[in-house]
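Please keep the sequence and the 3D view at hand while reading.

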Amino acid sequence: MASDEAFISILNAVLSEVCSRCNFVHAEALQPSGAACMVQSGANYSTTSGGADFHRASVNFVYPPYVCIPGRVWKTQQSEWHKNVSELPVSLFIRADIAKITDLKSCFAMPLGRKGQISAVLLFYSSHAIPYSRNLEQTIIFLANDILSEVCSKKGSHICSDLQFFSQGEHPVAKKSQSVISKVWESAKAALTVQADQRSEVHVSDIIKFSKRLPFFKYVTNTSREVLCKYMEILQMEEGDVIVRSQERQEFVWYIVIKGSCELVLCTEPGAQAYTVHSFQEGDTFAHPYIDLYTSGVTGIEGCIRSSEAGTSCVRVFVPAGCREDFRAQTKPLWYKELAVYFYLSVDEAAEKLGMCMSAIKKVCRRHGIIRWPHRKLLGADKALAVLASKVASTSADPVARAAWQTEAVNILVAKLRLTLDPKYLSDWVQLDPLVPGGPGPSPRPGMSGAGLLVEGQSTSDEDSPPET
C-alpha cells in the first residue's frame with residue numbers, strides 16, 4: 001500500500017510539473033487493472049474548473065484494450081497526439097463531447113513502463129488546438145523523464161528507478177506464437193487455391209467443413225453456406241499489406257482472419273502518426289463498414305485494415321445478390337459501436353438501415369445486453385443539453401454561474417454516454433456536485449444505468465424496446 005501511495009504521489013508531481021512547464025491545463029494518469037482494462041489511478045492535475053469537471057466525469061470510465069486513447073496507448077505501447085480531441089468521433093475518444101463542454105482540445109498521451117511492461121499512461125490536455133509535431137512530442141517526453149528522475153531523487157524513492165516515458169516503436173509489442181494449423185484448414189486452403197469456377201464438389205465440401213468452425217457462419221443457412229464457400233477466396237499476406245482502405249468501398253464483402261492477425265489503423269490529421277485502434281485475431285471478422293465507424297461524418301481521418309504480422313492468412317467472403325435477402329435475416333457479427341450508430345433512430349428504422357429483420361436485431365441486442373432501445377431517452381438528453389448550452393452562453397460574463405451550468409451539462413453528458421456506450425466501458429455511477437451553493441443540481445432519473453441496461457425494479461415497458469419473441 002505504501003509503495004502504491006508513493007507511486008501515485010510521484011505521478012501527481014510529474015503531472016503538475018509537465019503541465020506548468022508546457023502550458024497544459026489538465027492531466028490524468030491511468031493504470032492497468034490486470035489484463036482487462038485501464039482505470040483512473042487517482043493521480044490528476046487541473047488548472048481550470050473545466051478540467052476538474054472533466055476529471056470528475058471521467059472517474060468511472062474504464063478502457064479495455066484498444067478502446068479510446070488510454071486503451072490504445074496501453075496495448076500498442078506508443079504515444080498519441082491529437083490536435084483536437086473534442087472534434088474526434090466518440091468511437092475514437094469516448095469523452096469527446098465532455099471535452100468540448102469543458103474547453104479541452106489538444107491531447108498528448110504517453111506510456112510509462114519498464115522492459116515492455118506498461119505501468120501507467122499519462123494524458124495531457126491543452127485549452128487550444130496544437131498540431132502534431134515530432135519535435136514537440138520528443139521535447140515533452142525528454143522533459144517528463146527529467147522530471148520523473150528529479151522527483152524520485154527528491155523523494156528518495158526507487159519505485160520508478162527503471163521506469164521511463166517513451167514514444168513510437170521504442171518498446172515493440174511481442175508477437176504471439178503461431179497457432180497449430182489443423183488438417184481441416186490445410187484441406188480447405190488447398191481447395192481455396194483453385195479458381196472458384198473450377199472447384200469440384202470435393203473442393204467445396206472441404207471449404208464447407210472448415211466454415212463450420214468459423215463464428216461468421218454460425219447463423220448461415222446450408223444453402224447460403226454452400227454458395228458463399230464456393231466463391232470464397234484466400235489472401236496470404238506479409239506484414240503491412242493493406243486489405244481494406246477507407247477510400248475504397250466494398251459492399252457485401254467480409255474478411256475472416258484464419259492465421260496471424262490484422263489491425264485497423266487510423267490517421268487523425270495530415271502528417272501525424274497512424275494509430276492502431278483495433279486488432280483482429282484468428283477467427284475475427286471485419287469489413288469496410290468497420291472503418292466507417294471511425295471515419296464517417298468526420299473530415300481529415302483516413303484509415304485502413306492491414307496485416308500486422310508476416311504469414312497472415314484471411315479468407316474473403318462475398319455475398320452475391322441471390323443470398324442477400326437470406327443474409328438479411330441472419331444475425332451478423334456486429335460490434336456494439338456498430339449498432340450504437342443507430343440508437344438515435346427507432347428500433348424499426350435501425351433494423352431497416354442495418355438491412356436486418358426484427359428477429360435478427362433482437363438477437364444482436366440480447367447478445368450485447370441491450371434490453372431497452374435508448375432512442376427516446378437520447379432525444380430527451382439532447383433537448384436538455386440544448387437548454388443548458390444556451391444558459392452557458394448567456395452567463396459568459398459570470399464565470400461562477402457559467403461553471404455551475406457547465407458542470408450540470410457534463411452531468412447530462414455522462415448520463416447520455418451511459419445510454420450509448422458498451423457497458424463494459426463503464427463502472428458505477430458518478431454524479432458531479434454543483435460548484436456553488438444553490439447552483440443547478442437536478443440529478444439524472446434513477447434507473448438510467450448502462451447502455452439500455454435495467455436496474456432492479458425498473459419497468460421494461462417502452463415503445464422503443466426490441467419486441468420479445
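In strand E13, Glu302 is the bridge partner of Cys267. The model is a predicted one, in which local features need pLDDT of at least 70 and side-chain atom pairs count only at pLDDT 80 or more, while totals for chains, interfaces and linings use all residues. Residues are numbered from 1 along each chain as its sequence is written, and side-chain values use heavy atoms, with hydrogens and water left out.

The bridge belongs to the antiparallel pairing of strand E10 with strand E13, which extends over six bridges. Two strands count as paired if DSSP finds at least two bridges between them. Helices (H or I, at least four residues) and strands (E, at least two) are DSSP runs, numbered from the N terminus.

E10 and E13 are part of an open sheet of four strands with antiparallel pairing, in the order E8-E13-E10-E11. Strands E8 and E11 form its edges, each pairing on one side only. On average, neighbouring strands of this sheet are turned by 25 degrees against each other, direction ignored. The elements of this region are located as follows.

| Element | Residues |
|---|---|
| Strand E8 | 242-245 |
| Strand E10 | 262-267 |
| Strand E11 | 275-280 |
| Strand E13 | 302-307 |
| Helix H9 | 288-295 |

Helix H9 lies across E8, E10, E11 and E13, and runs at about 30 degrees to E10. Axes are lines fitted to C-alpha atoms, for helices over the stretch in contact, and angles run from 0 to 180 degrees between N-to-C directions.

Elsewhere in the chain, helix H7 (residues 201-211) packs against helix H8 (residues 222-230) at an angle of about 115 degrees, with the axes 9 Å apart. The two helices, H7 and H8, are therefore roughly perpendicular to each other, a class that covers angles of 65 to 115 degrees. Their contact (heavy atoms within 4.5 Å) involves Val204, Ile207, Ile208 and Ser211 of H7, together with Arg225, Glu226, Cys229 and Lys230 of H8.

Gly369 follows H13 and has a positive phi, near 80 degrees.

Over the whole chain there are 15 helices and 14 strands, and 50% of the 469 residues count as buried.

How values were computed:
Parallel < 35°, antiparallel > 145°, perpendicular 65-115°, else oblique. Buried < 20%, exposed > 50% of the residue type's maximum accessible area, 1.4 Å probe, protein only.
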